[in-house]
Amino acid sequence: MAKPSRIHVPGQNRLLAALPRNEYHRLVHDLEKVSLPLKDILYEANGPIPHIFFPLNGVVSLVIMEGDFTLELGTIGNEGIVGTPVFLGAERSPTRAISQVPGEALRMETKVFQKEMKRRGPLHGLVQRYTQAMINQISQSTVCNHRHSVQKRMCRWLLMSHDRVGADEFQLTQGFLAQMLGVRRPTVSAVACILQKAGLISYHRGRMSVLDRKGLEAASCECYEVVAKELDRLLG
């Protein structure tokens with residue numbers, strides 16, 4: 001099987017970039033460029049979803065929360081959109097969408113997005129295929145969280161974030177990474193130390209650097225390639 005391609009196209013959203021030029025120009029006036037700072041909440045669990053976001057860079061997590069426990073279900077970058085529950089006809093979602101690596105996005109009002117989806121134009125087909133890719137990712141993450149070690153899961157998470165950020169260095173705190181993996185911070189610290197000693201990453205003062213991409217892929221579980229290849233298949 002072909003090796004999955006890197007997701008990131010600098011400064012572009014993969015779905016919008018795939019639109020015919022006339023379709024994109026028709027939509028551009030309904031898109032507002034916004035910053036997504038660290039820990040910015042795009043929509044709250046069981047709350048309204050007033051906007052759809054097309055990330056340009058950075059990483060957004062879909063997380064489920066129960067008391068003090070937080071676990072990531074899915075990761076979204078410039079390959080997709082934040083707001084698939086709206087596409088599926090829901091007004092709310094049990095998940096929270098939160099910016100885990102700072103970046104930028106193009107924002108569209110939900111009512112405008114819903115109107116666009118009713119047109120059944122090129123964007124509808126792209127969002128439909130991306131939604132299937134996101135369902136696949138969440139399903140694979142559920143299996144991964146039960147079957148694989150924290151070290152393998154951390155490697156998978158770093159690879160997925162590396163793809164979406166499009167840079168070898170990005171902002172990331174150990175506390176936030178612990179939440180995403182559903183483990184305690186000391187566990188993340190111990191695993192990060194192992195990966196640093198292996199020369200795969202460098203981590204200092206909240207800055208994560210990927211030093212050996214191929215080594216990180218080798219240390220990850222197979223879930224990374226499963227999700228990446230399925231995304232390539234659906235979005236081309």
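**Entry 1: the largest pocket**

I began with the largest pocket and found it lined by Tyr-43, Leu-62, Leu-73, Thr-84, Pro-85, Leu-88, Ser-93, Thr-95, Thr-131, Met-134, Ile-135 and Ile-138. The search runs on a 1 Å grid over the protein atoms alone, where a pocket is an open set of points with protein on both sides within 12 Å along at least five of seven lines, and lining residues have an atom within 4 Å of a point.

I note that this is a predicted model, in which local features need pLDDT of at least 70 and side-chain atom pairs count only at pLDDT 80 or more, while totals for chains, interfaces and linings use all residues. Residues are numbered from 1 along each chain as its sequence is written, and side-chain values use heavy atoms, with hydrogens and water left out.

For the space in the largest pocket I recorded about 170 Å³, a volume being the space filled by probe spheres set on the grid points, which are joined across faces, edges and corners. Both α3 (84-87) and α5 (122-147) supply at least two residues of this lining, and α5 gives the most, with four residues; helices here are DSSP runs of H or I with at least four residues, and strands are runs of E with at least two. I sorted the lining by class and got eight nonpolar, four polar and no charged residues, where Ala, Val, Leu, Ile, Met, Phe, Trp, Tyr, Cys and Pro count as nonpolar, Asp, Glu, Lys and Arg as charged, and the others, Gly among them, as polar.

**Entry 2: a helix pair**

I then looked up helix α6 (residues 150-165) and helix α10 (residues 223-235), which pack at an angle of about 30 degrees with their axes 9 Å apart; axes are lines fitted to C-alpha atoms, for helices over the stretch in contact, and angles run from 0 to 180 degrees between N-to-C directions. The contact (heavy atoms within 4.5 Å) involves Arg-156, Leu-159, Met-160, Asp-163 and Arg-164 of α6, and Cys-223, Tyr-224 and Leu-231 of α10. By class I find five nonpolar, no polar and three charged residues in it.

**Entry 3: a three-stranded sheet**

Last, I traced an open sheet with the order β8-β10-β9 and antiparallel pairing, two strands being paired if DSSP finds at least two bridges between them. β8 (169-171) and β9 (201-204) each have a single partner strand, so one side of each is left without a neighbour in the sheet. Phe-170 stands opposite Met-208 in β10, and Tyr-203 also stands opposite Met-208.

How values were computed: 1 Å grid on protein atoms, 1.4 Å probe; cavity = no way out; pocket = protein on both sides within 12 Å on 5 of 7 lines; lining within 4 Å.
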